[in-house]
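Dear colleague,

I am handing over the structure we spoke about, and below it you will find a written account of what was found. Please read the text with the structure open beside you.

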Amino acid sequence: MQLQRCVSAVKSVKAVIAVNSLRRIPEEYKPQTFFGEHDLWIYVPIYDEKLCPTCEAHARDLVFRGSELRSKFKYLKIIDDGRIYANVHPNCRCELYRVIGVEQYLRWLEILEQRKKEEVET
Ligand SMILES: [Zn+2]
């Protein structure tokens, strides 16, 4: 459990570094692509008893660079500019949402924490 917490802390630090890198790219150089090094995506599962270990592990990794998506999510489907269906396995309900800024990213973290808590309570 201690190790688990440690691992997830390291992953969050990685996520923070990735999100912070958004700050260094001037607005005009931000291309609206899906699979680029500077496209960041946050993994959003549905926290309930059906969440499988594979998807849970992705959720712990939390943030993915666009350049990682095609190797990690072979069957992904683009829904729109800001959303990708992860399609990890049949009946997968997970989605990846585009991270466009630090504030929005922090809001996502709050939302995910809240959803996790709600699942534990029910
Ligand atoms: Zn899933």
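**What was found**

Leu62 lies in the loop that connects helix 2 with strand 2. Please keep in mind throughout that this is a predicted model. The backbone of Leu62 has a positive phi of about 70°, although the residue is not a glycine, and Leu62 counts as buried because 23 other C-beta atoms lie within 10 Å. A second residue of this kind is Asn91, which is not a glycine either and has a positive phi of about 70°. Asn91 belongs to the loop between strand 4 (83–85) and strand 5, and with 8 other C-beta atoms within 10 Å it is exposed. As background, most residues other than glycine have a negative phi.

The strands form an open sheet of five, in the order 2-1-5-4-3, and the pairing is antiparallel. Strand 2 (63–65) and strand 3 (77–80) are at the edges with a single partner strand each, so one side of each has no neighbour in the sheet. From one strand to the next, the twist averages 30°.

Strand 1 (residues 40–44) pairs with strand 2 in the antiparallel sense through three bridges, and Leu40 stands opposite Arg65 of strand 2. Strand 1 is also joined to strand 5 (residues 95–99) by five bridges, again with the two running antiparallel; here Val44 has Glu95 of strand 5 as its bridge partner.

How many of the five residues of strand 1 are buried? Five of the five are, so the strand is largely enclosed by the rest of the structure. Both of its faces are covered, with Leu40, Ile42 and Val44 buried on one side and Trp41 and Tyr43 buried on the other.

Leu69 and Leu96 are separated by 27 residues in sequence, while their C-alpha atoms are 9.6 Å apart in space.

Thr54 sits in helix 2 (residues 53–61). Is Thr54 buried or exposed? With 12 C-beta neighbours inside 10 Å it counts as exposed, because the exposed class takes in residues with 12 or fewer. Once residues up to four places away in sequence are left out, Thr54 touches Val88 and His89, and the C-alpha atoms of Thr54 and His89 are 9.2 Å apart although the two residues are 35 apart in sequence.

**Helix 4**

Helix 4 is hardly covered, since one residue among its 20 is buried, whereas strand 1 is largely enclosed by the rest of the structure.

With best regards

How values were computed: Residues are numbered from 1 along each chain as its sequence is written. This is a predicted model: local features need pLDDT of at least 70, side-chain atom pairs count only at pLDDT 80 or more; totals for chains, interfaces and linings use all residues. Helices (H or I, at least four residues) and strands (E, at least two) are DSSP runs, numbered from the N terminus. Two strands pair if DSSP finds at least two bridges between them. Axes are lines fitted to C-alpha atoms, for helices over the stretch in contact, and angles run from 0 to 180 degrees between N-to-C directions. Two residues are in contact if their C-beta atoms, placed from the backbone, lie within 7 Å.
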